[in-house]
Amino acid sequence: MEEVVVIGAGPSGLMMASELARYGVPCRILDKAKGPTKLSKALALQARTLEIFDFLGIADPFVKEGIHLKAVNPISRNKPLARILFEPDTAPITLPQSRTEQLLGAHLSSLGVQIEWGVELLSFKQEQDAIELKLSSGEVIQTQWLIGCDGAHSTVRGGLDLKFKGEPFPDIFSLADVEIEWEYPHDELVVFLEPTGVVAAFPMPGDQRYRLIYEHLSGEANEPTLEEVQLVLSRCVGGEVQVTHPRWMGNFHISSRLTNHYKRGPIFLVGDAAHIHSPVGGQGMNTGLQDAFNLAWKLAFVIQGREGKELLETYESERQRVGERLLKATEIATSVATLKNRLALILRGWVAPWLLNRKWVQKKLTRAISQLDIKYGKKGIRAPNTVVYLNGEKTDLFSLWKGARDYKKLVFGLKSPKDPCFWIGTGKEMPPAPGVTLLEDRTGEARRAYRAKEGSVFIIRPDGYLL
Ligand SMILES: Cc1cc2nc3c(=O)[nH]c(=O)nc-3n(C[C@H](O)[C@H](O)[C@H](O)COP(=O)(O)OP(=O)(O)OC[C@H]3O[C@@H](n4cnc5c(N)ncnc54)[C@H](O)[C@@H]3O)c2cc1C
């Protein structure tokens, strides 16, 4: 009998399996594909995802190889509508999904788990004490827990007979990974909002390489050609523009769909298996990674008897709400970007520059995109990072609890606590009890960040959220 079987070795499955392994839970991970994807697919790695990678000690290659986005430039009829700046702490980086999967795969392998490629889950049935899986290899296996990270056409979701409610958008979109010679800096996103449709250019690592996404207005599903891409861009750009070296071109439809349940007994859905939506804002893959990061520690703690099974119910209540909000936000953004009605276009032309040039709007927008402000209920905010001093040396809280696999306790106050915790005193205390790490808040930043009073106690979950 297996403990956990993860179906799908895309980003969500890789995060799920590696997190389980990090907590010491044995698992198998299967994928029907012959090997890792070579397609660039999702490009954006949001700030919260990078924070998680940093916590896991795997951020360096992502940060070194990715393009750090500085700004978004919405442009209409050759006129810049705004320049939306990313603050350093909310800036995303772009990296092809194939490379992200390669790096996550190497992390998984370093934890002793090998992906079983070319093995498809054909069907499954839930027995009294186990789930029986039929695999394309001919194997029939039993498992206690089944995690469906098997993408938009999920076999696991289908086997549970769950709904995947939503709608397709009417437009066909085209994508092209190409090199573009033009005046725009290679670390800024450019979005042309034209009456003929939206055209977006996302910078990718490589000499002047971009992912171009545009609306296929004719409604025909002909594959894009280099000539077509050149024409589309020349129409938007006032000055010189040269498109060369195509690598990947194709058409795609966008649908916005959400499952009605993320969990059924010991079976879970994670990532695209639970939600799909427009790529606007680069949220999809990041949301899947965070679904997995939310679920893995809970499942590990339940399997290890450290928590009761009711903890697992919070996976659905927390992450389904995130999925619902995400679908709403991306539907609105996609509808605004693809407006065709003349009156609506005129209105967008007036409102967009007024709104997008406001500093507070830019801050709200970029923080929402960063996924740093996702909350679980009223209290469940992400524990903020802050500067502290340890033995007189400047450091920060996140560096101190990097890779931690348990709840953490943060105590503000004068009296030495008896239980293990991070204790933020005033620096003049008696030596703390064993297991207590005494920190100083010389600048008052920690008290401000946590809105702490003397005697405040915070419990931080293994995934970094306040309890
Ligand atoms: C063309 C394209 C462009 C995209 N662009 C963007 C973008 O710009 N930004 C963005 O955020 N997102 C984008 N996405 C979406 C993004 O790629 C997904 O959100 C992300 O891949 C989801 O990861 P996942 O692990 O949940 O699912 P997937 O990456 O779909 O992985 C699922 C895995 O499960 C395997 N599998 C499926 N069924 C079975 C089975 N029965 N048995 C065994 N294995 C199975 C599959 O082979 C696959 O490897 C794009 C997607 C596509 C296709």
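Close-up 1. Helices (H or I, at least four residues) and strands (E, at least two) are DSSP runs, numbered from the N terminus. Of the 31 residues around the ligand, those that come nearest are Gly8, Gly10, Gly151, Gly271 and Gly284. A residue is near a molecule or strand if its C-beta atom, placed from the backbone, lies within 6 Å of it. By class, the shell holds 13 nonpolar, 12 polar and 6 charged residues. Ala, Val, Leu, Ile, Met, Phe, Trp, Tyr, Cys and Pro count as nonpolar; Asp, Glu, Lys and Arg count as charged; the others, Gly among them, count as polar. Residues are numbered from 1 along each chain as its sequence is written. Because the model is predicted, local features need pLDDT of at least 70 and side-chain atom pairs count only at pLDDT 80 or more, while totals for chains, interfaces and linings use all residues.

**Close-up 2. Helix α1 against helix α4.** The axes of α1 (residues 11-22) and α4 (residues 97-110) come within 9 Å and cross at roughly 20°. Axes are lines fitted to C-alpha atoms, for helices over the stretch in contact, and angles run from 0 to 180 degrees between N-to-C directions. That makes α1 roughly parallel to α4. Angles under 35 degrees count as roughly parallel, over 145 as roughly antiparallel, 65 to 115 as roughly perpendicular and the rest as oblique. α1 supplies Pro11, Leu14, Met15, Ala17, Ser18 and Ala21 to the contact; α4 supplies Gln97, Thr100, Glu101, Leu104, Gly105, His107 and Leu108. Two residues are in contact if their C-beta atoms, placed from the backbone, lie within 7 Å. This contact of α1 with α4 has 7 nonpolar, 5 polar and 1 charged residues.

**Close-up 3. Helix α1 against helix α7.** Here the axes are 8 Å apart, and the helices pack at an angle of about 25°. That makes α1 roughly parallel to α7. From α1, Pro11, Ser12, Met15, Met16, Glu19 and Leu20 take part. Their partners in α7 include Met285, Leu289, Phe293 and Trp297. The contact of α1 with α7 has 13 nonpolar, 2 polar and 2 charged residues.

**Close-up 4. Where domain 1 touches domain 2.** The chain divides into domain 1 (2-43 + 96-163 + 260-338), domain 2 (167-255) and domain 3 (387-460). These bounds come from an automatic or database domain assignment. The C-alpha centres of domain 1 and domain 2 lie 31 Å apart. Domain 1 gives 9 residues to the contact and domain 2 gives 13 residues. The side of domain 1 that touches domain 2 has 5 nonpolar, 4 polar and no charged residues.
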